Amino acid sequence: MKLEIKNLSKSYKKGKRALDDFSADLDPGVYGLLGPNGAGKSTLMNLLTGNLEADSGQVLVDGTPTGQMGAAYREMLGYMPQQQGLYDNFTALEFLRYFASLKGIPRKEAKKRIDHLLKVVNLEEARNRKLGGFSGGMKQRALLAQALLNDPRILILDEPTAGLDPKERIRIRNYISEISQDKIILLATHVVSDVECIAREILLIKDGVLLAREKPEGLMSQMEGNVWEVGIHGEELSKLEGKCLISNVHVTKDGPRVRLLGEREELMEILSKCVHLGFLLERAEANLEDVYLWRIREE
Ligand code: ADP
């Protein structure tokens, strides 16, 4: 199966494109749609799910425009939105039953599927409790189960691990990874760690534009020679802030160890003005967080 996103553009207001000529061909696998708030991720997801209409461009499944597929497209689609506080009076079971009926899943099949999914998302014991009393993480898991009811071939997840504790995050991530063999999964997030282990490719989006589409390793190798670390004195940190791109500060017993992004010469010049004499700027290996900060920085 192939999902082709072709030259999609969408403006809410005149003169500003929330999504700008976005194109990508996707085969089964997990794709991390990574970008800061306001980048256009929700707009893209809403266009893919048919909740919004594009100004121009189209989406095709195996060569057929989704606009011509009608119910057949909806049947292959699963969408996990962000939490909205709807359905608070429904129990988990009622919520899933309701969505199963909206999706036209026959009762018997729905029951099997719901039992299975409640197990998968670890809500079996909470099945008769109301969503309103759920923790953020539990609501998130109920929403994920909802998106999986029809065993969708195209799964669109909006910040699926938001509000989850670390254990739940890992569990959900692993599950997403497990089911990705025959599904196209688009996972939108602004949190790098959500996608770095499971995404086959990263789609980096900013200001409605696709900045890069690459395997995580490819993105990281492009950063080579632009990631550095230096040990500084505590009081020097505030002098550095705002002058260069700091990707991380690690506090050690000898003082902060700062991770900096940029070219060596440029950083040496800044450091020589802000930091004690004899500092040592050491090259470091890039991680996806570095890539993200670097690529979305304001020029
Ligand atoms: P993201 O999901 O990456 O945070 P969005 O797709 O929500 O980004 O937003 C992209 C841009 O479109 C932003 O500038 C946002 O302010 C704008 N936008 C989103 N939805 C609307 C709307 N309903 N009306 C007007 N502007 C919107």
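1. Burial terms. A residue is called buried when its relative accessible area is under 20%, exposed when over 50%, and partly exposed in between, with a 1.4 Å probe and protein chains only. By this scheme Asp151 is partly exposed, because its relative accessibility is 44%.

2. Basis of the note. This is a predicted model, in which local features need pLDDT of at least 70 and side-chain atom pairs count only at pLDDT 80 or more, while totals for chains, interfaces and linings use all residues. Residues are numbered from 1 along each chain as its sequence is written, and side-chain values use heavy atoms, with hydrogens and water left out.

3. Overall architecture. The protein has eleven helices and 14 strands; helices (H or I, at least four residues) and strands (E, at least two) are DSSP runs numbered from the N terminus. The C-alpha trace spans about 75 × 45 × 35 Å along its principal axes. Of the 299 residues, 49% are buried. Taking a contact as heavy atoms within 4.5 Å, 70% of the contacts between residues at least 6 apart in sequence join residues at least 24 apart.

4. The ligand shell. A residue is near a molecule or strand if one of its heavy atoms lies within 4 Å of it. The residues around the ligand are Tyr12, Lys16, Ala18, Pro36, Asn37, Gly38, Ala39, Gly40, Lys41, Ser42 and Thr43. They divide into four nonpolar, five polar and two charged. In this division Ala, Val, Leu, Ile, Met, Phe, Trp, Tyr, Cys and Pro count as nonpolar, Asp, Glu, Lys and Arg as charged, and the others, Gly among them, as polar. Strand 2 (16–26) and helix 1 (41–48) each supply at least two residues of the shell, and helix 1 gives the most, with three residues.

5. An N or O atom in the side chain of Thr43 is 2.5 Å from an oxygen atom of the ligand. For Lys41, a polar side-chain atom lies 2.8 Å from a ligand oxygen, and for Gly40 a polar backbone atom is 3.0 Å from a ligand oxygen. On its own the ligand has 560 Å² of accessible area, of which the protein covers 60%.

6. Asp158 and the residues on either side of strand 7. Asp158 is found in strand 7 (residues 154–158) and is buried, with a relative accessible area of 5%. Leaving aside neighbours within four places in sequence, Asp158 is in contact with Ser42, Met45, Tyr79, Met80, Pro81, Gln82 and Ala188. Its side chain makes a polar contact of 3.1 Å with the side chain of Gln82. Glu159 lies in the loop between strand 7 and helix 6 (166–178) and is buried at 7% relative accessible area. The phi of Glu159 is near 50°, a positive value in a residue other than glycine. Asp151, in the loop between helix 5 (136–148) and strand 7, likewise is not a glycine and has a positive phi of about 45°.

7. Strand 13 and its partners. Strand 13 (residues 255–261) is largely enclosed by the rest of the structure, because six of its seven residues are buried. Two strands pair if DSSP finds at least two bridges between them. Strand 11 (residues 227–231) pairs with strand 13 in the antiparallel sense over five bridges, with Gly231 opposite Arg257. Strand 12 (residues 245–252) also runs antiparallel to strand 13, joined to it by seven bridges, and Leu245 stands opposite Leu261. A hairpin through two residues links strand 12 to strand 13.

8. Two further sites. Thr66, in the loop between strand 5 (64–65) and helix 2 (71–75), counts as buried at 16% relative accessibility. Beyond its neighbours within four places in sequence, Thr66 is in contact with Val59, Leu60, Val61 and Tyr73. In helix 11 (residues 288–296), Leu288, Asp290, Val291, Tyr292, Trp294 and Ile296 are buried. At the start of helix 11, a side-chain oxygen of Asn287 reaches to within 3.1 Å of the backbone nitrogen of Glu289.

Note on methods
A polar contact is a pair of N or O atoms within 3.5 Å; within protein, one must be able to donate a hydrogen and the other to accept it, and residues adjacent in sequence count only if both atoms are side-chain atoms. Accessible areas come from the Shrake-Rupley method with a 1.4 Å probe; for residues, only the protein chains shown count as cover.
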